[in-house]
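Let's take a friendly walk through this model, one piece of the fold at a time. Have the viewer open as you read.

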Amino acid sequence: MIFDGNSSMSQNHIRIATRKSPLAMWQAEFVKAELERIHPGIVVELLPMSTKGDVMLDTPLAKVGGKGLFVKELEVAILEGQADIAVHSMKDVPVEFPEGLGLEIICEREDPRDAFVSNLYKSISELPLGAIVGTSSLRRQCQLRAARPDIVIRDLRGNVGTRLAKLDNGEYDAIILAAAGLIRLKLSARIANFISPEESLPANGQGAVGIECRTNDERVKALLAPLEHLETRYRVIAERAMNTRLEGGCQVPIGAFAEIVGDEMTLRGLVGNPDGSEIIEGVITGPKTESTQLGIALAEELLSKGAKSILDAVYAKA
Ligand SMILES: NCc1[nH]cc(CCC(=O)O)c1CC(=O)O
């Protein structure tokens, strides 16, 4: 039975299911603070939980497999009525939702770029021949190796603090992280260089926070509505639509990045193989209000240029 959100303990009370990582906690605290600012007197409670993705930290992400590694337990908590909402990094949110749940709100995007972090070098171009770079993202690996085939990629898992500690231990010459996570955790001083979308396309949804809740929970949806940021929604919807049409899981070498000027959206997309030896790129422009169609059309362009065989090969190995 799907829990009826309207029977929540009090009309002015919201419980947020969240992962326990510092970044997830920051995002949940951000939503709590926004709700408290907009609705004086509201009581917002955090329900920190562990997910499969948090527990299996030693396994390379591409091997853990399965969509929604970091969200399933949170969704169960909402469906069972222990929580009302879950706050996610849009980048980690699967394309499909369980019956009764939906991604109702997309908040304003933080910087969507990747960040180059190193104690020794200021940028990718400064890295010496054969430098060791830490990332577990096939997307980052693919684009880095395309530009610099000499670079050696080593796996890098864990939350942001763990990753920085591994860099500081000397395990890598440099690491690549999402700028948004570092900025939110007040660690932007660690960013040696922002990687432009021209150099490396970000992941779909990178830097944006989304809020999931019961689709029939009108009380909670009304409380959340002011947190919605329409421009971010258009951008993230286009990026996700491209990914969905490509049937991309959460760990595939796919980059997607939408920008809006006036009413016009420009969406760029890329599919590659992990070693960067093959990359298929495309760009499309159109009205921002047609973001889903733009994402699908760009995915179809990439597929017609050969993206399918690249993705099939990646999945066959995973
Ligand atoms: N895959 C983990 C993850 N999910 C969201 C972020 C960063 C913040 C964001 O994109 O909103 C990160 C860390 C990273 O990629 O460095």
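## Starting point: a pair of isoleucines

Isoleucine 16 has isoleucine 85, in strand E3, standing opposite. The two strands involved, E1 (residues 13-19) and E3 (residues 85-89), run parallel and are joined by two bridges. Strands here are DSSP runs of E with at least two residues, helices are runs of H or I with at least four residues, and both are numbered from the N terminus. Two strands count as paired if DSSP finds at least two bridges between them.

Before going further, please note that this is a predicted model, in which local features need pLDDT of at least 70, side-chain atom pairs count only at pLDDT 80 or more, and totals for chains, interfaces and linings use all residues. Residue numbers start from 1 along each chain as its sequence is written.

## The sheet around E1

E1 and E3 belong to an open sheet of five strands with mixed pairing, in the order E2-E1-E3-E10-E4. Strand E2 (43-49) and strand E4 (101-106) are at the edges with a single partner strand each, so one side of each has no neighbour in the sheet. From one strand to the next, the twist averages 30°; angles run from 0 to 180 degrees between N-to-C directions, with axes fitted to C-alpha atoms, for helices over the stretch in contact.

Helix H1 (residues 22-38) packs on this sheet and touches E1, E2, E3 and strand E10 (209-214). The direction of H1 makes about 165° with that of E1. Contact between two residues requires C-beta atoms, placed from the backbone, within 7 Å.

## The sheet around E5

Another open sheet has five strands in the order E7-E6-E8-E5-E9, again with mixed pairing. Its edges are strand E7 (152-154) and strand E9 (193-195), each with a single partner strand, so one side of each is left without a neighbour in the sheet. Neighbouring strands are turned by 30° against each other on average, direction ignored.

Strand E5 (residues 114-117) pairs with E9 in the antiparallel sense over three bridges, and E5 is joined to E8, also antiparallel, by four bridges. Towards E9, phenylalanine 116 has asparagine 193 as its bridge partner, while alanine 115 stands opposite phenylalanine 194. Towards E8, aspartate 114 stands opposite alanine 178.

Is E5 covered on one face or on both? Both faces are covered, with Asp114 and Phe116 buried on one side and Ala115 and Val117 buried on the other. Buried means 20 or more other C-beta atoms within 10 Å of the residue's own, exposed means 12 or fewer, and partly exposed lies in between, with C-beta atoms placed from the backbone. Helix H6 (residues 160-168) lies across E5, strand E6 (132-134) and strand E8 (174-178), running at about 165° to E8.

## Around the ligand

The residues around the ligand are Ser89, Lys91, Asp92, Leu177, Ala178, Ala180, Gly181, Gln206 and Gly207, each with its C-beta atom, placed from the backbone, within 6 Å of it. E8 and helix H7 (179-184) are the elements that give two or more residues to this shell. Domain 1 (5-108 + 208-228) and domain 2 (114-195) each supply at least three residues.

## Domains

The domain assignment gives domain 1 (5-108 + 208-228), domain 2 (114-195) and domain 3 (236-317); such bounds come from an automatic or database assignment. The centres of domain 2 and domain 3, taken over C-alpha atoms, are separated by 23 Å. Their contact takes nine residues from domain 2 and 11 residues from domain 3.
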